[in-house]
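Below are some notes on the nonpolar cores and one of the sheets. They are meant to be read beside the model.

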Amino acid sequence: MIQINKTKCNKCRRCEKACPFDAVSFSDYPEFNESCVLCGACEKICPTKAISIKRTSGKDTSESSGILVFAETKQDMILDISFELLTKANELSEKLDEKVMAVVLVSENTDVSILAEYGASKIYVFADTDFKKYNSEAYAKVISDLVKEINPSIFLIGATHIGRELAPRISSRLKTGLTADCTCLDINENGLLMQTRPAFGGNIMATIYTPNSRPQMATVRQKVIKKKKNPKNPEIIFKQSNYENKDIKIIKETIFSKTTDITDAEVIVAGGRGMGKKQGFDLLEKLADTLGARVGASRAAVESGWVDYPMQVGLSGKTVRPKIYIACGISGAVQHISGMENSDYIIAINIDENAPIFKIADLGIVGDVYEVLPRLISKLKSKV
Ligand SMILES: Cc1cc2nc3c(=O)[nH]c(=O)nc-3n(C[C@H](O)[C@H](O)[C@H](O)COP(=O)(O)OP(=O)(O)OC[C@H]3O[C@@H](n4cnc5c(N)ncnc54)[C@H](O)[C@@H]3O)c2cc1C
């Protein structure tokens, strides 16, 4: 709520000019229309402190407790992102002294106890044959109802294709905020979740808080957290879903090829501007075939139109953590490195011996990719 102290207001109209939403008009005193989002620009600029904003919390935040993780599945298999989130949830729970819980939707008779190995001490299971496949309406309804019932203080979801679609549906039903695509989570001195994510195209890292609503919701990028076991003796609670599908009928399903999904690849062969042309990626495909690897790329290669965006590694692309990462004709800009520096073993091929990529490479090859790669492929083929 905005309050105007008319005795203090000197009618300077700075608030009107400062408003980025055109929400302030002026007759005798400032008036605020429905475009106002309580951003505080007017309050800040007012020289006489005549404007004050009272932000009222929609909920009593003191009652909420526990960290809930959405355990994402595919065909009833629990995905790695769930274990990564549980690992982070356990780290946060040490600072908050709150329990870690998971919610999972699966077909009947699916064993979900593996979630306890990664630190879930309470597991809520919705078992129904309908849940073998993702259905946004059903998942959003069932999970939102559970969150309303158990009232966690934090709710984490993976920034996967499904998570990115599901999380806003849930946060909107719960009338709480959502920080999407976080790369770092921590707890501040007031016990609030610090949700850090790249902003403005990756030029700054923004840390976002949710002081007034619960749960504090964030989606977290895959592979930014290293999963770690932390076995617990879980309480497994089977819940009945009250979802009835009346509105959605699946007419056609198209399965996209997995070859461009690099997030779970154990070996990645990535190409940069140094590949020189689109056809250069055929060479990388050949190497990837020989190694059972997937092909990734720098932003320069994607922006040149040689490969598609899902293959981009880096700050504004994917974060990867393969066993082997082979960077071919990639200089090693910080924005690229931030997406692959946690790879177990990095091999770099670059014509420039001073390329920054060599600083983080475990093995560096100074040479032309068009000389090195064909020789490497033929050597590897002769060994198969
Ligand atoms: C906000 C922001 C976000 C960004 N996000 C990303 C991101 O997600 N991912 C990303 O990759 N970048 C990102 N970038 C861009 C990044 O700063 C670099 O511009 C980009 O990574 C450079 O790509 P590159 O290494 O392929 O090209 P270059 O920097 O041009 O390097 C090409 C390299 O190839 C070498 N080379 C040339 N010819 C050969 C040859 N024949 N054989 C061997 N080596 C050769 C050169 O010596 C050079 O080192 C971002 C930038 C900004 C500002």
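**Cores and sheet**

1. The largest nonpolar core has 31 residues, of which Leu86, Val104, Val112, Leu115, Ile123, Leu156 and Leu185 touch the most other members. Such a core is a set of buried Ala, Val, Leu, Ile, Met, Phe, Trp, Tyr and Cys residues joined through side-chain atoms within 4.5 Å, where buried means under 20% relative accessible area with a 1.4 Å probe, protein chains only. Helix H3 (80–96) is among the elements giving two or more residues to this core, and its seven residues are the largest share.

2. The model is predicted: local features need pLDDT of at least 70 and side-chain atom pairs pLDDT 80 or more, while totals for chains, interfaces and linings use all residues. Numbering starts from 1 along each chain as its sequence is written, and side-chain values use heavy atoms, without hydrogens and water.

3. Neighbours within four places in sequence aside, Ile123 has contacts (heavy atoms within 4.5 Å) that include Ala102, Val104, Pro234 and Ile237. Another core, of 25 residues, lies apart from the largest one and includes Phe70 and Val142.

4. Five strands make an open, parallel sheet in the order S18-S17-S19-S20-S21. Strands are DSSP runs (E, at least two residues), as are helices (H or I, at least four); two strands pair if DSSP finds at least two bridges between them. S18 (294–297) and S21 (363–366) each have a single partner strand, so one side of each lacks a neighbour in the sheet.

5. S17 (residues 267–271) is joined to S18 by four bridges, and Ile268 stands opposite Arg294 in S18.

Terms used:
Buried < 20%, exposed > 50% of the residue type's maximum accessible area, 1.4 Å probe, protein only.
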